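The entries below follow the order in which I looked things up.

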Amino acid sequence: LAQAYSALGQQEKEKEALEEVLRLDPNFHAAIGIYFELSQGEHDPAKEAALSTWAKQDGSWMGHLIASSIARSRGDTASALRHADDAYALAPAQEEVLLHLSAVLGESRELNRLTTQIRPAIKSRQYSLRLDWNFAQTLFQHGFKDEASAVLRRALAVENAPDEFKAMAASTLENWSGIL
């Protein structure tokens, strides 16, 4: 309905429809982006603040993640981590939250939290191999080559690991070990 109103140029009706969408699902990424008029690579602190306020009020972990992304685009790692922590407080078992938090913890050099919050999620095997990949990349970027390689090797051993992941992980391990 919001898209139809948008196509008709009825902005007020579009905004009302988006509000209803977000009332039904406060974590609908596309609706949040449109409602807050966010653009690719958004870095406006005012939009970040408005989004953060709304996310707190409406309990939107996705809103917090998007606010964190806005802060990251601006290079504000402290704010990015604060927003990521807010998302984690709302939805600690959401894979998207863990993926984002992993990256922000790495950027913040919060390596202890990275291992105490993200590693147990990986070991639980409740999440896709994207989390293993993300965690390994973060470890490698901080000089923990052996640990990063071990994470990928364990992921490769997971039953039914997708062939695409296997190829990517094997190539990365070869690169990290100097074979490539």
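I first noted that axes are lines fitted to C-alpha atoms, for helices over the stretch in contact, and that angles run from 0 to 180 degrees between N-to-C directions. Helices are DSSP runs (H or I, at least four residues), numbered from the N terminus. The model is predicted, so I kept in mind that local features need pLDDT of at least 70, side-chain atom pairs count only at pLDDT 80 or more, and totals for chains, interfaces and linings use all residues. Residues are numbered from 1 along each chain as its sequence is written, and side-chain values use heavy atoms, with hydrogens and water left out.

Entry one: helices 6 and 7.
I found that helix 6 (residues 77-90) packs against helix 7 (residues 95-107) at an angle of about 150°, with the axes 9 Å apart. The two are therefore roughly antiparallel (angles over 145 degrees). Their crossing is left-handed (the near helix is turned anticlockwise from the far one by less than a right angle).

Entry two: helices 9 and 11.
I found an angle of about 15° between helix 9 (residues 129-141) and helix 11 (residues 163-177), with axes 12 Å apart. That makes helix 9 roughly parallel to helix 11 (angles under 35 degrees). Helix 9 passes helix 11 in a left-handed crossing. In this contact, Leu129, Trp133, Ala136, Gln137 and Phe140 of helix 9 meet Phe165, Met168, Ala169, Thr172 and Trp176 of helix 11.

Conventions. Angles under 35 degrees count as roughly parallel, over 145 as roughly antiparallel, 65 to 115 as roughly perpendicular and the rest as oblique. Contact means heavy atoms within 4.5 Å.
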